[in-house]
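Here is a short report for a reader new to this structure. Look over the sequence and the model, then read on.

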Amino acid sequence: MGPSGSGLVRAGAGRSLAAVLLALWVSAAAAQQPLEVELQAPDSVRPLLERHVRLLAREDVTLPEAVADQSAMARRTRREVSDLLATEGYFSSEVRFDRSEAGRWTLKVEPGKQSKIAAVDLRFEGEIAQGRSDDPTHLDALRAEWGLREGEPFRQATWDGAKQRLLDAVSAQRYAAARIVSSRAEVDPDAASVRLSITVDSGPTFYLGPLQVSGLRELPADLVERYSTLAVGVPYDREALLAFQSGLQNTPHFASVIVDIERDPALAAAVPVRVQVSEALPKRVGFGVGFSTNTGYRVETNYRDLNIFRRGWEFSTGLRIEQRRQSAYADVFLPPEEAGHRYSFGALIDRSDLEGLKISTQAIGAARSRVRGNIETQIALRLQHEKLEPDGAEVRTQNALTANWTWIRREVNDLLDPRDGYVLEFQIGGGAAIALADQDFVRLYSRYVHYQPVAERDVFIVRAEGGVTLAPSRDGIPQDFLFRTGGSQTVRGYGYQSLGVAEGDAVVGGRYLGVASAEYVHWLKPEWGAAVFVDAGDAADTREDFDLRTGYGVGARWRSPAGPLAIDLAYGHSERNLELHFGVAIAF
């Protein structure tokens with residue numbers, strides 16, 4: 001009986017276990033019953049609720065088994081809806097559930113009347129309350145810039161944003177330790193109104209003290225001070241500190257820069273300016289390849305040392321070999337002086353073969369440049385030897401000591417890919433017979449490019465440039481001080497440097513230049529665009545010989561990782577010929 005009895009026990013145990021598992025499965029299935037929630041609410045608040053209320057935003061909502069848990073879920077949702085509506089100014093909302101249908105709840109929301117701002121009370125304490133002698137209207141301007149007006153709907157997000165903007169405006173200049181000492185929104189649900197009050201304590205005026213630099217290891221201790229645009233004793237200005245930080249970051253010496261002050265009122269009389277830097281790798285070697293329709297295929301290499309002689313001097317040298325031009329250079333850039341001027345000197349060997357004119361140049365030079373905001377100026381002296389070999393004409397050599405002054409203003413939204421603003425440039429240069437030149441000459445040049453945004457992404461570009469070299473003739477004047485044009489970025493539809501003065505079978509520079517261009521770029525996608533353009537211009541040796549050559553066409557634009565790429569197909573009206581203009585460079 002033992003064996004058969006043992007089997008009966010096992011069989012009974014198996015049936016009992018199956019029954020338990022079945023019961024658990026049924027219980028779990030009941031606990032996981034899906035719940036459908038229908039929202040009944042005005043269109044003014046429906047998107048807000050559907051986006052943020054968890055019971056509405058989720059697709060996998062299940063109904064709890066226990067009645068108490070269902071009631072708790074309903075209470076949490078009603079509280080969540082009420083709190084959410086309050087952030088939008090609905091303080092008398094009614095929220096209820098209809099749970100009469102199993103597995104389907106109806107959420108009914110009556111938001112009530114949205115509260116409006118009834119009054120705004122802005123108060124100021126601290127030194128700012130006494131008024132600024134340099135700007136008596138400062139407080140009036142702060143009140144005028146306040147973002148919330150009487151009669152506007154109240155929203156918590158706009159209230160918080162307005163307070164932060166007010167604090168930022170106060171602390172942007174002078175009052176670095178400004179703080180909000182009190183803010184209050186008094187709600188009257190019956191009147192559907194809110195009274196706002198805020199008090200800002202400016203604290204004392206902060207005056208800048210000396211720089212406190214940390215992070216320098218190999219670079220000279222005074223390098224940061226030489227780049228400084230801040231003066232000791234001037235009132236604190238956040239934009240000035242950010243401009244100083246940006247200027248340091250843009251130098252090749254530093255990998256990262258942080259400029260700030262400690263906002264302790266006890267230090268306000270002369271707060272130290274803390275400058276924390278991380279030095280960049282001092283030595284770099286680069287290689288690159290590229291192609292353009294102007295000068296053909298290109299390979300190049302360059303080497304840069306940012307700290308020669310451990311004095312923060314920057315040494316840069318390179319070699320570029322193109323199909324129609326080859327050059328080698330070496331330059332040394334010194335750190336800025338106290339006035340912001342930066343000196344440099346270098347040497348250049350250059351050879352080109354363009355439009356039948358072979359030019360070989362050896363030059364040494366020195367320059368003094370300065371960047372102040374968006375304006376850059378430079379004065380350069382250059383001693384050069386030039387050999388000209390025009391096809392079908394006499395070979396000649398000439399020496400010249402020249403001086404050139406350049407002024408550039410860049411007022412654009414993006415230096416690398418501008419869409420709004422302008423670039424204006426002037427140049428004055430020349431040479432004298434008493435300083436190696438064959439004759440006295442003065443060169444005047446100007447360029448203007450205007451970027452006008454159109455619609456959401458398009459841009460209309462207008463470009464004009466002109467120049468004149470004042471001299472009895474072009475004889476003995478270096479080609480850099482004469483003018484040739486044609487090609488990409490000048491007069492499209494004509495070969496690069498093909499518009500100028502005919503000498504033998506070659507095209508050489510003339511004493512007059514005039515170019516104008518209009519271009520419209522329509523961006524089909526953020527990276528891809530199409531362009532239409534018309535160019536006109538010429539370079540000549542006399543005003544009588546000046547004859548505008550017109551080119552027009554279409555092009556494609558691509559914002560590539562290596563920089564903007566342009567492909568233009570242009571028709572040269574005078575030559576009755578199509579020219580393809582293309583340029584891109586890839587560095588690695």
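How many nonpolar, polar and charged residues does the lining of the second largest pocket have? The section on that pocket gives the count.

## Basis of the report

This is a predicted model: local features need pLDDT of at least 70, side-chain atom pairs count only at pLDDT 80 or more, and totals for chains, interfaces and linings use all residues. Residues are numbered from 1 along each chain as its sequence is written, and side-chain values use heavy atoms, with hydrogens and water left out.

## Overall form

The chain has eight helices and 27 strands. Both are DSSP runs, numbered from the N terminus: helices are H or I with at least four residues, strands are E with at least two.

The chain is more spread out than a compact globule, because its radius of gyration is 37 Å, well over the 25 Å that the globule rule gives for 588 residues. That radius is taken over C-alpha atoms, and the rule is 2.2 Å times the number of residues to the power 0.38. Along its principal axes, the C-alpha trace spans about 120 × 80 × 55 Å.

## The second largest pocket

The volume of the second largest pocket is about 190 Å³. A pocket is found on a 1 Å grid over the protein atoms alone, as an open set of points with protein on both sides within 12 Å along at least five of seven lines; a cavity is a set where a 1.4 Å probe fits but cannot get out, and lining residues have an atom within 4 Å of a point. Points are joined across faces, edges and corners, and a volume is the space filled by probe spheres set on them.

R54, L55, R58, V61, T62, M73, R76, T77 and E80 line this pocket. Helix α4 (67–87) and α3 (54–57) each supply at least two of the lining residues. The most come from α4, with four. By class, the lining has three nonpolar, two polar and four charged residues. Ala, Val, Leu, Ile, Met, Phe, Trp, Tyr, Cys and Pro count as nonpolar, Asp, Glu, Lys and Arg as charged, and the others, Gly among them, as polar.

## The cavity

There is one cavity of 30 Å³ or more. The largest cavity has a volume of about 40 Å³. Its lining includes L388, R396, Q398, R474 and D475. Further lining residues include I477, L482, E503 and V508. The lining divides into four nonpolar, four polar and four charged residues.

## A three-stranded sheet

Three strands form an open sheet in the order β7-β9-β8, with mixed pairing. Two strands pair if DSSP finds at least two bridges between them. The edge strands, β7 (208–214) and β8 (254–261), each pair on one side only. From one strand to the next, the twist averages 20°.

β7 and β9 (residues 271–279) pair in the parallel sense over five bridges. L208 has V271 in β9 as its bridge partner. Helix α8 (residues 238–250) packs on the sheet and touches β7, β8 and β9. Contact means heavy atoms within 4.5 Å. The direction of α8 makes about 165° with that of β8. Axes are lines fitted to C-alpha atoms, for helices over the stretch in contact, and angles run from 0 to 180 degrees between N-to-C directions.

## Two hairpins in a row

Strands β11 (residues 296–308) and β12 (residues 313–322) run antiparallel, joined by nine bridges. V299 stands opposite I321 in β12. The two strands form a hairpin with four residues between them, and F309 in the turn has a positive phi of about 60°.

β12 also runs antiparallel to β13 (residues 325–333), with eight bridges. Here S316 has D331 in β13 as its bridge partner. A hairpin of two residues joins β12 to β13.
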